Amino acid sequence: MTRNLYAEWTKLRTLPGTGRLLLALVMLTVAVSVAAAAVVSCTSSGCGYDPAKIILFGVQAGQAVVATLAVLTISGEFSTGMIRTTLAAMPGRVSVLATKAVILTGLTLAAGSVAVLASAPAGRWILLGNGFPPESLALTGGPMLRAASGSVLYLALIALFSLGIATAVRDSATAIGVVLGLLYLFPAVILMVPDADVAKILWQISPMNAGLAVQATTHLAGLPLSPWAGLGVLAAWATAALLGGGLLLRARDA
Amino acid sequence: MTTTVNRSGPGGPARLLRAEWTKFRTVRAWVVAMTAGSLVIVLLGLSSASGSHASCDGGPTEAVCPAVPVGPGGEAVEDKFYFVHRTLAGDGSITVRATSMTGQIRKPDVTPGVRNVVSGLVPWAKAGVMVKQSTRQGSAYAALMVTGAHGVRMQHDFTHDVAGRPGGVSEDSPRWLRLTRSGDTLTGYESTDGTDWAEVGTARLSGLPARVEIGLFAASPGDLTVTRGDLGGSVSAVRFTEATAVFDRVDLEGETSGGAWRNDDIGVTEAPDGSPHHPGRASESGGTFSVTGVGDIAPSIEGQTVERTLTGVLTGLIVVIVVAVTSVTAEYRRGLIRTTLIAVPRRGRMLVAKALTIGTVTFAAGLVATAITLTFGTRILRANGNYILPVSWLTEVRVVVGTAALLAVAAVLALALGALFRRSVGGVITAIVLTVVPHVLATTSVLPDTAARWLLRLTPAAGFAIQQSIPEYAHVLGHYAPIAGFYPLAPWAGFAVLAGYAALALGLAVVRLRRRDA
């Protein structure tokens, strides 16, 4: 296992794209969070905004970079034929996927933490200037801590979900289309569906809507799922994608 | 054998297009994907339409919704006000002095269940003089009015609004209003003292009959509050308001029939027991009239829009992006690009031919899909009791053709990005982040409306404005935000932003292709 890990780590580390993508993840997340915080202000009569969602808003853009990294981790091997070399060296196909998943999770958790740790204080500072009450922005408070740590986990689960899809689909363009489609289209479709019950069900199974419930710190009673249960939905998607990808990797010729 | 003309020669446009079309058509995955993309648009649209039922009482029995009046221009309107009027035959005029305008607004309850009513006027509360074709809702009219916060206005046929002088009315600063009818032409004048008159505007109501209703009116649109929905989107709530205006020195010129003024509460809604719900009222003593009205005389924006049936377009767009990017990156991956460039040494032309091919294919597939979806989707929605805001056939054609063109131009943008990056992932992700993600963030996220509007002005997602069928009305208070389906740019302006991005990307791709080894 250690040797597998080392091999996969070497492969990912020596790709020129990896470092750039991780840097892009941090930069994009922070930039979008800061931009979102800058445009929101709070009137004296009250705020309609959830401060945690604003200062962690960049996660919604950063997840696209995470998906790219995850898809490239495996589909790059399929498109170049490298996968055959890999499987000749490590015949345990599921363990190849598991190793890739471990490395990818580690990298995403690390870069995601940096992104969140930079976004939250910067966003908080801006929101305080825009008139948000300081008590709603206590970074060490329970809900805010949950939102921040949950966002890092969210990014890691997006990576695993994308890895599973890419393993199943193999073609990089299709994989990225499927992943981003599943992430971004649910919210749009929910908005278009006039039936409230259908919209609620769609919300509960949507990886992005349910998963980002972990960022909610206000109006928790109005959410169709509790924050951690929402992240659980995304975890279920990631598990299903990885299982499907693993089974297909075992069953098919590479 | 030597008669080959340049146009069909090896590098001629016809040959190039044919070569690119052959490449596209013979890759089964692309044809399948394009067909699937169209099917997704149709199926998502029709299934979401057939799952949407509406009835008007919310109880176990289905009730038919009351008909929404339609104005002279064919748009849905709200035509609800209190009218004190007489019948005028031929030309004539009405002159009044407005001395006061007051009202009540119901605010959100502070203690649940206890009505929280404050005195005040909503900005578009309106009262004044009017000439109207008949008391039928939706009939042609012209009116000169004082408003809650927008000064004197001259409005006609619901969608037209001209500003007069700003300021409100009071005992100390009354406003004189005069509306004259001469054939089809109505002219409004205002004055502060009854001697110096200034023209506010004119309206031509073509086909106005000789006998019209002329008189005093008052109306007050509901107070709007917008909150965010728990599932994304926004929830608008409209609460009761009323406006009372006092007029004196009423002077009617022309041939009026009957001696008495008649009072009509136009369009008043009835409670289940048959009594009027929030009725208006009027009284007269010694030539001074007090008129109280509830409602509005304006285009209605409450209802579903035809473009709501195009739910599947975003999904279709992602499929189109993947196909368009792959159609160029696959050549790089397989090395086919070198063969292509040997056959067509003029690299720019080759890329333009590719763009034309993918654009045309997408446009054709998109047009079929959107035409079917919009035509049948709106029928299904109407059959299920949903109210769809009526629009002219020209607007429907613009939505259908525009959406197909949106897909086609986005495909060209994606293809150009694919040629720039030479890698599918980079191309697909950039195209999606530029076109789909801004739209999703602007319409569904926690972003405030101002930020959402900027996203839809500056990014290629501005092109979605082509789908908006109901315009924004400056004289109707509404939640005109992307979250409610209103785009910051006019339809073709938004489309031009997308087209600009596509042209820029294609230009950069051509330059890059010429300068770099393949």
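Modeller: A:Glu77 lies in helix H4 of chain A, residues 59-80 (helices are DSSP runs of H or I, at least four residues, numbered from the N terminus). The model is predicted, so local features need pLDDT of at least 70 and side-chain atom pairs pLDDT 80 or more, while totals for chains, interfaces and linings use all residues. Residues are numbered from 1 along each chain as written, chains are lettered from A and ligands numbered from 1 in written order, and side-chain values use heavy atoms, without hydrogens and water.

Colleague: Is A:Glu77 buried or exposed?
Modeller: A:Glu77 is buried, because its relative accessibility is 6% (buried is under 20%, with a 1.4 Å probe and protein chains only).

Colleague: Which side chains make polar contacts with the side chain of A:Glu77?
Modeller: Those of A:Thr86, at 2.7 Å, and A:Lys100, at 2.7 Å. A polar contact is an N or O pair within 3.5 Å; within protein, one atom must be able to donate a hydrogen and the other to accept it, and residues adjacent in sequence count only through side-chain atoms on both sides.

Colleague: Now chain B: how is it divided?
Modeller: Into domain 1 (11-52 + 304-515) and domain 2 (77-299), with bounds from an automatic or database assignment. Their centres, over C-alpha atoms, are 45 Å apart.

Colleague: How many residues of domain 1 of chain B are in contact with domain 2 of chain B?
Modeller: 14 residues of domain 1 of chain B are in contact with 15 of domain 2 of chain B (heavy atoms within 4.5 Å).

Notes:
Helices (H or I, at least four residues) and strands (E, at least two) are DSSP runs, numbered from the N terminus. Buried means under 20% relative accessible area, exposed over 50%, partly exposed in between (1.4 Å probe, protein chains only).
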